[in-house]
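At each stop you will be told what to select and what to look for.

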Amino acid sequence: MPLFSVAKRTLPYLDAFALGSVRYLFGVALFVLLLVAFEGRQALRYEGRLGAATLYGLIGIAGFNLFVWLGLGYTRPEHASIILALQTPLTALAVWGVRGQRPAAFTLGCVVVAFAGVVLVITKGDPRVAIAGGELFGDLLIFCGALSWMTYTLGGAWKFSGWSPLRMTVLTCIPGTVGLLAANVVAVLLDYSTVPSLDAVASVSWQIVYFSVGTVVLGVLGFNAAARRLGPLNTMLMLNLIPIGVFGIEAALGRSFVAVEIAGALVVIAALVANNLYLRGVSAVRRDSNTR
């Protein structure tokens, strides 16, 4: 939950490119050790799935990090958290588009309500607010990050059956990390980014440990394991808790919110929870009818 609040305050020391690179460089090193320890060296083989692992790793790992950290430089942590909560309805729409499974009318209604709530948070009821200061640009980048992670989650559920969640995570994170490092090198060569000094890295050492262990090794692995067991939609529902935590953290740090922002956040969370409860009810009815 503190990911976006911590990241926002780390960006003055490590820019978006360095933050993504450092975060996954340490995280992937730990991942490889874990995979070899639990499944042996043979688990590092791609067995014909290198192309798919590279594609989804670049989209999910590199894409998510670059879009979200760059966007966070322009906008606020609470905006990032509420936009990323949209991954639940985005997943439903993606399943509709890719597999032809049209969501129920109730689900589509919840999607519309959730997007309306996000607009309230971003604009505070006044569209001019979103444009001022470049926040809208940052919000759009984070929305692209949400699309990237949603694509990665669906890819993990559909493309890597037969692999354990640990193996799928490690073998997609490796090319994703290479993508982050490559983007960092290009950004430095173009003078769009700078190589952080050792003092800058040392000044955020505990944040790096948190990012690498807490949000990469435990966070990404836990998320992928949950997606495999519960399905992408149910797993995405957990992301609804993030806005609550981020709004609470920012309030504790002195951020003040207008009523319309709080209302918008509550609208998003209520719509997503209502849709999940509806889907659970439909699933329970189907199971009951099948047992008769």
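Begin by selecting valine 209, which in this predicted model is found in helix H11. Is valine 209 buried or exposed? With a relative accessible area of 52%, valine 209 is exposed, because the word is used for values over 50%.

Now widen the selection to Leu30, Leu33, Val209, Val213 and Leu218, which form a nonpolar patch on the surface and together have about 450 Å² of accessible area. Two elements, helix H2 (16-39) and helix H11 (205-230), each give two or more residues to this nonpolar patch. Which of the elements gives the most to the nonpolar patch? It is H11, with three residues.

The next stop is a group of rings, so to speak a matter of aromatic side chains. Select phenylalanine 4 and tryptophan 69, an aromatic pair that is tilted, with 6.5 Å from centre to centre and 55° between the planes. Phenylalanine 4 belongs to helix H1 (residues 3-10) and tryptophan 69 to helix H3 (residues 50-72), so this pair ties together parts that are 65 residues apart in sequence. Phenylalanine 4 and tryptophan 69 are buried.

Tyrosine 210 counts as partly exposed, at 22% relative accessibility, whereas phenylalanine 211 counts as buried, at 2%. With these four selected, you have one aromatic cluster on the screen, formed by Phe4, Trp69, Tyr210 and Phe211.

Another ring to visit is that of tryptophan 163, where arginine 49 lies over the face of the ring, at 5.1 Å from the ring centre.

From here the tour turns to charged side chains. Side chains of opposite charge can pair when their charged atoms come close. How many salt bridges does the structure hold? There are four salt bridges in the structure.

Select glutamate 250 and arginine 9, whose side chains meet in a salt bridge with 3.1 Å from N to O. Glutamate 250 is part of helix H13 (residues 241-252) and arginine 9 is part of helix H1, so the pair ties together parts that are 241 residues apart in sequence. Glutamate 250 counts as buried, at 1% relative accessibility, while arginine 9 is partly exposed, with a relative accessible area of 37%.

Move on to glutamate 47 and arginine 167, where the side chains meet in a salt bridge of 3.4 Å, N to O. This pair links distant parts of the chain, 120 residues apart, with glutamate 47 in the loop between H2 and H3 and arginine 167 in helix H9 (residues 165-189). Glutamate 47 is exposed, with a relative accessible area of 57%, but arginine 167 counts as buried, at 9% relative accessibility.

For the last stop, select glutamate 78 and arginine 76, whose side chains meet in a salt bridge of 3.9 Å, N to O. Glutamate 78 is buried, with a relative accessible area of 0%, and arginine 76 also counts as buried, at 19% relative accessibility, because the limit for that word is under 20%.

Note on methods:
Residues numbered from 1 in each chain as written. Predicted model: local features only at pLDDT ≥ 70, side-chain atom pairs only at ≥ 80, totals over all residues. Heavy atoms only, no water. Phe/Tyr/Trp six-rings, centres within 6.5 Å; stacked < 30°, edge-to-face > 60°. Helix = DSSP H or I, 4+ residues; strand = E, 2+ residues; numbered from the N terminus. Buried < 20%, exposed > 50% of the residue type's maximum accessible area, 1.4 Å probe, protein only. Lys NZ or Arg CZ within 6 Å of the ring centre and 35° of its normal. Patch = residues over 30% accessible without salt bridge, like charges linked within 9 Å, V, L, I, M, F, W, Y side chains within 5 Å. Areas by Shrake-Rupley, 256 points an atom, 1.4 Å probe, with all protein chains shown as cover.
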